[in-house]
Amino acid sequence: MSPSITHSSPALADPRDGVAILEGNRSVAEQYGIPLAVLLELTHRCPLQCGYCSNPIEMERAGNELTTEEWKKVLTELAEIGVLQVHFSGGEPTVRKDLVELVQHASDVGLYSNLITSAVLLTKEKLEALADAGLAHIQISFQASDPVLANRIGGFRNGHAKKLEAAGWAREVGLPLTVNAVMHRQNMAQLPQIIDMAVAMDADRIEVANVQYYGWALKNRASLMPTIEQIDEMTKVVEEAEQRLKGILAIDFVIPDYYATRPKKCMGGWGRQFFNITPAGKVLPCHAAETITDLDFESVRSNHSIAWIWQNSDAFNKYRGTGWMPEPCQSCAFKEQDYGGCRCQAFALTGSAGNTDPACSLSPLHDKIFKIAETEAAEGTNRYIYRNFSGGTLEPEENAHGA
């Protein structure tokens, strides 16, 4: 693997007023270097129809996806500039017929690879081929512990059984396993059983992550938002499980921003530690960044290298560091801890990505989003718009798509 890229570009232009962004003697981007891990969204195609999906509402068509050779070029370039880990995601990455070939190429150039999957399309033979190609880790999403509810949330009949089967295969071939449990009002009551399910399948780790409200989740917020009482109960369940399962199951817990008082350090800070590549090759600071409609994102299909895009593109430099921040962020003692929170959330809830993240108690809109959460959670609606689906509720079985 080649050493980290040598930075030779001049100081970067401040998007506010054209003044060079300098911290000490180095540009902002130069101080950040290249992230160690990159999310690769191979496709937006997916047999599941989860209404909290993080994919854009306007998803990329299959005909616009990067080809096998284009993805291989991306993988080679990532390795050359110092990236260590790649996470193959989607949509559903196993839809791609070239997935084994891409995992093999990642291994050949020295990249650690992780597969983030619904697992409903996996076969044992395919998983064995992926492991033989060098896949190092697998993350499987679960929508609930009860199969009926899980299948309704995912919009895929018999999906839960397929996931359990795939988890067993993962352990048989020796792959470390993470359970992704996206939590919301519809499945929170099953959290103790979901944790027990992860233990029973011999998972190494579980992500108990509340829905974050962008894209499809924002569209379905009224049916997904938990009550504050549910969050309190969930916290107790997680804390008890962490003590009881110490050394057996690692638990990552994320509450919804709407009930927070401090904004999260979203993706480690905009353009600081992470980037994402979309199915069509756009390079984004985070997987939801395209929801900010006034930003233009460079593509790996352009004449620019990935390193150049990371260092020099306007989209990455727009909210890097702290110089862009308005008040009260600019004077805040925490500004270099949370880096202003989430830009996508600020855009979604205030209309401007440059505003204070409303998850922060110092935002003038903080009380408003807390009230939104309380109101929508209390209404208890089951109205639920499936991804790629005309609509329906969680209740009727016929709203679950067939396999």
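The questions and answers below go through one predicted model, from its overall make-up to single residues.

The model is predicted: local features need pLDDT of at least 70, side-chain atom pairs count only at pLDDT 80 or more, and totals for chains, interfaces and linings use all residues. Residues are numbered from 1 along each chain as its sequence is written, and side-chain values use heavy atoms, with hydrogens and water left out.

Student: How many helices and strands are there in the protein?
Tutor: Helices (H or I, at least four residues) and strands (E, at least two) are DSSP runs, numbered from the N terminus. Counted this way, the protein has 15 helices and twelve strands.

Student: What percentage of the residues count as buried?
Tutor: Buried means under 20% relative accessible area, exposed over 50%, and partly exposed in between (1.4 Å probe, protein chains only). Of the 403 residues, the share that counts as buried is 55%.

Student: In what order do the nine strands of the open sheet stand?
Tutor: Two strands pair if DSSP finds at least two bridges between them. The pairing in this open sheet is mixed, and the order is 10-9-8-7-6-5-4-11-12.

Student: Is strand 4 enclosed or exposed?
Tutor: Ala 37, Leu 39 and Glu 41 point one way from strand 4, Val 38 and Leu 40 point the other way, and all are buried. Because five of the five residues are buried, strand 4 is largely enclosed by the rest of the structure.

Student: Which residue of strand 5 is the bridge partner of Val 38?
Tutor: Strand 4 and strand 5 pair in the parallel sense over five bridges. In strand 5, the partner of Val 38 is Val 86.

Student: At what angle does helix 3 run to strand 5?
Tutor: Axes are lines fitted to C-alpha atoms, for helices over the stretch in contact, and angles run from 0 to 180 degrees between N-to-C directions. Helix 3 (residues 99-108) lies across strand 5 (85-89) and strand 6 (112-117), and its angle to strand 5 is about 175°.

Student: Which side chain does a polar contact join to that of Asp 98?
Tutor: Asp 98 lies in the loop between strand 5 and helix 3, and is buried with a relative accessible area of 9%. A polar contact is a pair of N or O atoms within 3.5 Å; within protein, one must be able to donate a hydrogen and the other to accept it, and residues adjacent in sequence count only if both atoms are side-chain atoms. Here the contact is 2.8 Å, and the partner is Arg 96.

Student: Where does UniProt place the feature "binding site"?
Tutor: UniProt positions are given in the numbering used here, feature names are shortened, and annotations may be inferred rather than shown by experiment. The unreviewed UniProt entry places this feature at Cys 46, Cys 50 and Cys 53.

Student: Which residues does Cys 53 touch, not counting residues up to four places away in sequence?
Tutor: Cys 53 is in the loop between strand 4 and helix 2, and is buried at 13% relative accessible area. Contact means heavy atoms within 4.5 Å. With those sequence neighbours left out, Cys 53 touches Tyr 214, Gly 215, Trp 216, Ala 217 and Arg 387.
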